[in-house]
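Here are my notes on this model. Please read them with the structure open.

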Amino acid sequence: MTLLGKFITIEGGEGVGKSTNIACVESFLQAQAISYVKTREPGGTPLAEEIRSLLLAPRDEKVCEKTELLLMFAARAQHLQQVILPALQRGEWVICDRFTDATYAYQGGGRKLSLDTIATLETVVQGGLQPDLTLLLDVDVGTGLARLGNREQIDRFEREQQDFFEAVRAMYHQRAKQFPERFRIVDAGQPLEVVQKNIIHYLQQFIASSAA
Ligand code: Z5A
């Protein structure tokens with residue numbers, strides 16, 4: 001299967017500003033006349049969005065860690081087949097708000113599930129597919145949580161404690177170290193205009209290296 005498009009993922013912990021900065025990525029691609037699909041995980045198709053609702057809803061019943069992991073990959077399998085792979089085959093770029101690095105960070109780092117188990121599911125669901133570029137927005141946990149302070153609705157993940165989010169952040173750093181060729185870390189603690197300038201710099205660098 002030939003994938004003509006580029007697969008860009010945006011990652012980071014709570015309150016790093018993914019949603020805010022994806023808008024900046026979109027403006028940049030539009031200015032470059034690059035056709036793209038913007039999507040998110042968990043979610044991105046009607047069925048996967050239903051799985052997302054199941055995953056994020058606060059509930060009295062404890063959600064088993066393995067249940068959570070399998071639901072993430074179930075949503076991803078659907079999303080890949082219905083949205084991501086077709087777009088890449090058509091030559092469009094895919095801008096995805098979180099992907100499998102989030103599973104390593106949240107289910108591996110946060111929930112302490114085996115990284116080998118995650119890797120096995122990753123191979124089953126996505127074969128060898130990996131993002132071409134991953135922008136990791138990074139900010140200290142306290143600042144990120146403070147930014148979410150005024151939200152009216154708090155989802156099941158946002159109810160976790162500081163040590164969970166510290167473990168998530170540490171695993172993101174571990175992933176970035178393991179895959180330096182595709183990860184670019186953006187200091188998301190800076191003023192928004194500086195963050196966006198850095199994002200655009202990395203996108204320009206990526207386009208230049210893809211063309212070379
Ligand atoms: N999850 C998982 O566990 N495993 C997986 O495999 C996957 C996901 C794929 C839903 O994801 C949950 O699913 C997520 C992990 C789990 N956990 N939670 N919660 P999500 O991405 O939809 O949820 P989220 O992380 O809460 O994303 P969000 O709500 O879109 O937040 P955000 O994108 O990081 O932040 P934002 O809304 O763009 O910005 C937050 C505020 O900060 C806002 O007021 C901005 O104006 C402000 N902001 C942003 N940047 C700045 C700067 N630079 N300075 C000052 N203020 C700023």
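Which helix gives the largest share of the lining of the largest pocket?

1. Helix 4 does, with four residues. Helices here are DSSP runs (H or I, at least four residues), numbered from the N terminus. Helix 1 (18-31), helix 2 (46-56) and helix 3 (65-90) also give two or more residues each, as does helix 4 (100-110).

2. This is a predicted model: local features need pLDDT of at least 70, side-chain atom pairs count only at pLDDT 80 or more, and totals for chains, interfaces and linings use all residues. Residues are numbered from 1 along each chain as its sequence is written, and side-chain values use heavy atoms, with hydrogens and water left out.

3. The largest pocket has a volume of about 740 Å³. Its lining has 32 residues; K18, R52, R98, D155 and E158 lie nearest the centre. A pocket is an open set of points on a 1 Å grid over the protein atoms alone, where a 1.4 Å probe fits, with protein on both sides within 12 Å along at least five of seven lines; lining residues have an atom within 4 Å of a point. Volume is the space filled by probe spheres set on the points, which are joined across faces, edges and corners.

4. That lining divides into twelve nonpolar, eight polar and twelve charged residues. Asp, Glu, Lys and Arg count as charged; Ala, Val, Leu, Ile, Met, Phe, Trp, Tyr, Cys and Pro as nonpolar; the others, Gly among them, as polar.

5. The second largest pocket holds about 190 Å³. Its lining has two nonpolar, no polar and nine charged residues. Among them are P58, K62 and R111.

6. G91 follows helix 3 and has a positive phi, near 95°.
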